[in-house]
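Try each task before reading its solution.

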Amino acid sequence: MHLPASQGLVPRLLVRATSPSTNAELVALARAEELPAYTTLVTEDQTAGRGRLDRSWVAPAGTALAISVLVVPRTPGGPLPLERYGWLAIAAGVAMTETVAGMLPTASVRFKWPNDVLVGGRKVCGVLAELLPARQAVVIGAGLNLAMTAEQLPVTTATSVAVAGGDPDPDTALAGYLGNLQRLIDGYLAHGADAEASGLAGRARELCVTLGREVRVELPDGRVLEGTATALDADGRLVVNGESVAAGDVTHARLG
Ligand code: BT5
């Protein structure tokens, strides 16, 4: 893969011809050796991609990017408190939403809390953040559908940059994403993990398709919460019927 625009945007860019899972590979590397913050591992051929809750992420070789970035969050006051980590994954969703919007200027590109990027209501990217407790770091993975044809889409709810009519250039996508991600996360951390003050919360609200919708949230403990999603709270949790939810599967009752 030829990535001239992306090279130099991060301290270390590891490009793999193939990888079982860029998240799994970067987590293993980060455990084994000291890596600089924003070390990035990328491939166009991920063979055992991971979604959340043991689901899988699937893309034919050469049609998508799997990107994993090591984030080592430090605020001016010290390490990032654990409850403030939620904004890091949201920053990745926002960064990718901005990137895809730049590649598809006439499309409706929106962020679906907590981890999806949608084009015209269809999923073009999923984000998976995996915490490394010992190192107080997190690996943030993003799978982006680029050159997939309509026939190659793995599920009917998916789309790709090419299907949406854009130029599926991996270097444009990666450079845009890495630039946006570092700007958003560095700003958030420099403001002492205050998402409101850094502008991250405002940007997320602007792009988030979930707010104001009737939603059904399947919580990890099996409970189901139904109601209107009204806000993102200070920790990046979704507020539904006045209750904050940290992670769950959100279905929009009405998509429009
Ligand atoms: C996600 O999970 O959306 C997170 C996906 C993260 C993938 C990246 S790629 C780089 C890094 N390395 C990894 O191993 N993973 C990360 P979730 O919300 O659980 O969505 C998974 C569901 O999305 C699946 O059950 C399918 O229904 C659907 N799906 C699978 N592949 C897809 C694709 N290419 N495009 C759209 N939807 C897909």
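Axes are lines fitted to C-alpha atoms, for helices over the stretch in contact, and angles run from 0 to 180 degrees between N-to-C directions. The model is predicted: local features need pLDDT of at least 70, side-chain atom pairs count only at pLDDT 80 or more, and totals for chains, interfaces and linings use all residues. Residues are numbered from 1 along each chain as its sequence is written, and side-chain values use heavy atoms, without hydrogens and water.

**Exercise 1.** Find how the axes of helix H2 and helix H5 cross.

Step 1. Locate H2 at residues 86–103 and H5 at residues 200–207. Helices (H or I, at least four residues) are DSSP runs, numbered from the N terminus.

Step 2. The two axes come within 10 Å and cross at roughly 55°.

Step 3. H2 and H5 are therefore oblique to each other. Angles under 35 degrees count as roughly parallel, over 145 as roughly antiparallel, 65 to 115 as roughly perpendicular and the rest as oblique.

**Exercise 2.** How many disulfides does the structure hold?

Step 1. A disulfide is a pair of cysteine sulfur atoms within 2.5 Å.

Step 2. From the sulfur of Cys-125, the closest cysteine sulfur is 14 Å away, in Cys-208, so it is too far for a bond.

Step 3. The count is 0.

**Exercise 3.** Is Ala-158 buried or exposed?

Step 1. Look in the loop between strand E11 (137–145) and helix H3 (170–190). Strands (E) are DSSP runs of at least two residues.

Step 2. The relative accessible area of Ala-158 is 5%.

Step 3. Ala-158 is buried (under 20% relative accessible area; exposed is over 50%, partly exposed in between; 1.4 Å probe, protein chains only).
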